[in-house]
Amino acid sequence: MPTSSLPSPTLLTADTLPAPVMAGRDFLSNLDMTSAELRSVLDTAASMKRGEWRGVKPLAGLSLALVFEKASLRTRTTFDVGMYQLGGHAITLSNQEIGLGQRERVSDVARNLERWVDGIMGRVYLQQTLQELADHACVPVINGLSDMLHPVQLLADYQTIEEELGSAASKRVVYIGDGNNLANSHIHMGVLSGSDVTIVTPVGYEPNGGVLQGALKRGAAVTLTNDLAAVEGADVLYTDVWISMGQEAEADIRRRAFQGYQVTPQMLESIAPDGIFLHCLPAHYGEETVPEATEHPKSRVFDQAENRLHAQKALLYHLLGAAKPRW
């Protein structure tokens, strides 16, 4: 279709923006939102991706601190660009500059940042670090990744699932590999979305038991298995690295344990005919997957990466959209 014949998006104005549904709150886990709030964030993300927010700058005059203990491509770029596109400003702070818990107490960092910025995003080693920031800062704290959870990634993932498959409810989302922060957050999204989540791991690498039991008590459809046959017929097949940052000393042991859990084009042929393959990236090719899988017709890996921008912009709006500039 010629570009000139594409319909123009209906631009929102300051008077027609949706109300922020999570104003002033922390976002340390996907379970810090309700199913209805998840729906609002995903609807906003889709609207932003359609270009309907180009005429507004709802975060003008607001600033977000980006605190990094771990290296980042997608998290750093998408939060920074997202704040810019919404009219705000982001400042990146590496751990060499802050020294969380070493150069300064985490609580002191929080008490300083809250005086200058309107929100804090942390990509850190420990969930407890984020909790401590949240306990001592009066501005919203966002989990950009921790050892326990990766909730912002799951917002982009479910935006991608909805784009490809419609509602995620009752869809079979199969996660294969290490029972890490991604696996834990997939379980949480099963609670919120009604998806049917299966976690496939080698023995000894299962997700957090408390996360799993909590989800089951809330009625989520979650299956934990070591059987690779669970991949067959999946609507969504998802994997992540076998060796996360900080686990390098375990590399050889982990590579041996995860043999057979690699996502290949052959494995993708066993999922549903309209099923999709997702990976949060970066990929360690030759381990959890191969280039032929991320380039496969069923792969939506790079659409998923793009949606980090849209989903996080939507989250930022719903957390910070009611705040007023301090100056």
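Student: Which helices each supply at least two residues of the lining of the largest pocket?

Tutor: Please bear in mind that this is a predicted model. The largest pocket holds about 620 Å³ of space. The helices that each give at least two residues to its lining are α2 (74-85), α7 (181-193) and α9 (251-257).

Student: Which helix gives the most to the lining of the largest pocket?

Tutor: Among the residues closest to the centre of this pocket is Asn181, and α7 spans 181-193. The helix that gives the most to the lining, with three residues, is α7.

Student: How many residues of the lining of the largest pocket are charged?

Tutor: In total, 37 residues line the largest pocket. They divide into 13 nonpolar and 12 polar residues, and the number of charged ones is 12.

Student: From which domains does the lining of the largest pocket draw at least three residues each?

Tutor: Two ranges of the chain, 30-149 and 308-321, make up one of these domains. The other domain covers 153-305. The lining draws at least three residues from each of domain 1 and domain 2.

Student: Which helices each supply at least two residues of the lining of the second largest pocket?

Tutor: About 170 Å³ of space lies in the second largest pocket. Its lining includes Met48, Lys49, His310 and Lys313, and it divides into four nonpolar, three polar and four charged residues. The helices that each supply at least two of the lining residues are α1 (35-49) and α12 (301-320).

Definitions and conventions: Residues are numbered from 1 along each chain as its sequence is written. This is a predicted model: local features need pLDDT of at least 70, side-chain atom pairs count only at pLDDT 80 or more; totals for chains, interfaces and linings use all residues. Side-chain values use heavy atoms; hydrogens and water are left out. On a 1 Å grid over the protein atoms alone, a cavity is a set of points where a 1.4 Å probe fits but cannot get out, and a pocket is an open set with protein on both sides within 12 Å along at least five of seven lines; lining residues have an atom within 4 Å of a point. Grid points are joined across faces, edges and corners, and a volume is the space filled by probe spheres set on the points. Helices (H or I, at least four residues) and strands (E, at least two) are DSSP runs, numbered from the N terminus. Ala, Val, Leu, Ile, Met, Phe, Trp, Tyr, Cys and Pro count as nonpolar, Asp, Glu, Lys and Arg as charged, and the others, Gly among them, as polar. Domain bounds come from an automatic or database domain assignment.
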